[in-house]
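Please keep the sequence and the structure in view while reading.

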Amino acid sequence: MSTPDTLSTAALTADDFAHATTSMLGLMRDLYPMCRSITGPGTRSTLARIGRTIPLQLTEVPTGTPVFDWAVPREWSIEDAYLEHESGRRFAEFQRSNLHVVSYSVPVDTVMPLSALRERLHTLPQHPNWIPWRSSYYRDDWGFCLSENERAAMPDGQYRAVIRSRLQDGSLSLAEFVHRGETDEEVLLFAHTCHPSLCNDNLSGIAVATQVATWLAGRRTRYTYRVLFAPATIGSITWLALNQARLARVRHGLVLAMLGDGSALKYHRTKSGGSAIDRAAECALRGAQAAATMLDFSPWGFDERQFNMPGFRLAVGRLTRALPGSYPEEHTSADTMDVIEPASLQSAWLAVLRIFEVLEGDRRYLNLAPHGEPQLGRRGLYRQSGGHYDNVPERHLALLWLLQFSDGEHSLLDIAERSGLDFGLLASCASDLQRAALLAPVPAPAPAQD
Ligand code: ZN
């Protein structure tokens, strides 16, 4: 096991990785059957299951609560739904898949011919075995989703369409895991919780966020970490509305979404493109274990859209794999555990930890022997004893970079960017130099903010 109070990812063992992956997959399997939506019992049971892994603070925000240009909607719940042909044969049965009913469908019990029903049936002709996922959150409507093959098998005649749902005053559920650090400055992680039986979008984000929280628990950190589980869009807007007075504390943020598929890891920058979290991500994710492609901010993204809006200007980036619209299984019944690659979940988890490692470790040092290079050999810093140093040339290089640039102005992140050296290596060498009384941390906090 890694030492509980260190944020160094170098200390992670093969056991740590295996345990993290098993626990993320287990959580996803448990959550998969639940009928999540932007509100309702399926979302609440999801939060309850996450709450068995990490402690959560729950907030129920009543229907009608004004949140900026929106209002918290009525709560939606559903017991059953199906289409029953006059022969008694049933189609699009909710009990077989919760994707069969358009999310937020109003209650219905009506009879109509197939010709009239057709406009309420959604299929994916290009993938005739898959059921699409559709929603109608902000417009009273109803409909069914089914595979093209199932629709083709529906005989002509009369159908009874039954949706046993309820739309009534209730609440929207938000959940937060908070890890208190030495300061009130916060790092925000966000995962959306509103998709029903769909794995990559959104269970992978939930699983990685939960596993990051597990890793943070019990460790000493400089920042306070807040992991927020909420429905997309209305959830982040609601949280922002309720927490306006404390938003100034949020220094960095990361939205986690679509992290389990086999495509390359990607980091979407914040709107400014040069925020500390962008720099930390770029520096942390160039290693082979969790390498990511860097992409610019787009106003057509996930919930980082809300956090970056001009009214908030929070530096929130996004870690993701498949881009919206780029994987055919997105928002269909094919987004199952089969899409999920354990190695993808694992490296996404590591990627978040590596970003946090940089945010936590970034500080400035002062060279206490700045008049020429100090004699490192005399202090045992150049000597390789019993394989103590795994990579001597890089380590020597790191010591020289640190001594040269520890002028009180350059932070470790600055030095990592300029040298191309691994941040963890520089941080570890800085500790060695500090122990040898050659470096002292500058008391002021590192330039970790924009
Ligand atoms: Zn989605």
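His195 is buried, with a relative accessible area of 6%, where buried means under 20% relative accessible area, exposed over 50% and partly exposed in between, computed with a 1.4 Å probe on protein chains only. The model is predicted, so local features need pLDDT of at least 70 and side-chain atom pairs count only at pLDDT 80 or more, whereas totals for chains, interfaces and linings use all residues. Residues are numbered from 1 along each chain as its sequence is written, and side-chain values use heavy atoms, with hydrogens and water left out.

| Residue | Relative accessible area |
|---|---|
| His195 | 6% |
| Asp201 | 1% |

Both residues in the table take part in coordinating the zinc ion, through NE2 of His195 and OD of Asp201, together with NE2 of His331, at 2.0 to 2.1 Å. Donors are N, O and S atoms within 2.8 Å of the metal (3.2 Å for Na, K and Ca), and because water is not among the atoms, sites may look incomplete. Along the sequence, the donor residues follow the spacing H-x5-D-x129-H.

Turning to the helix pair, Ala20, Ser23, Met24, Leu27, Met28 and Leu31 in α1 meet residues of α5 including Cys199, Leu203 and Ile206, contact meaning heavy atoms within 4.5 Å.

As for the whole protein, 55% of its 450 residues count as buried, and its C-alpha atoms fill a box of roughly 90 × 45 × 35 Å, taken along the principal axes. Among contacts with a separation of 6 or more, 80% come from residues 24 or more positions apart.

Definitions and conventions. Helices (H or I, at least four residues) and strands (E, at least two) are DSSP runs, numbered from the N terminus.
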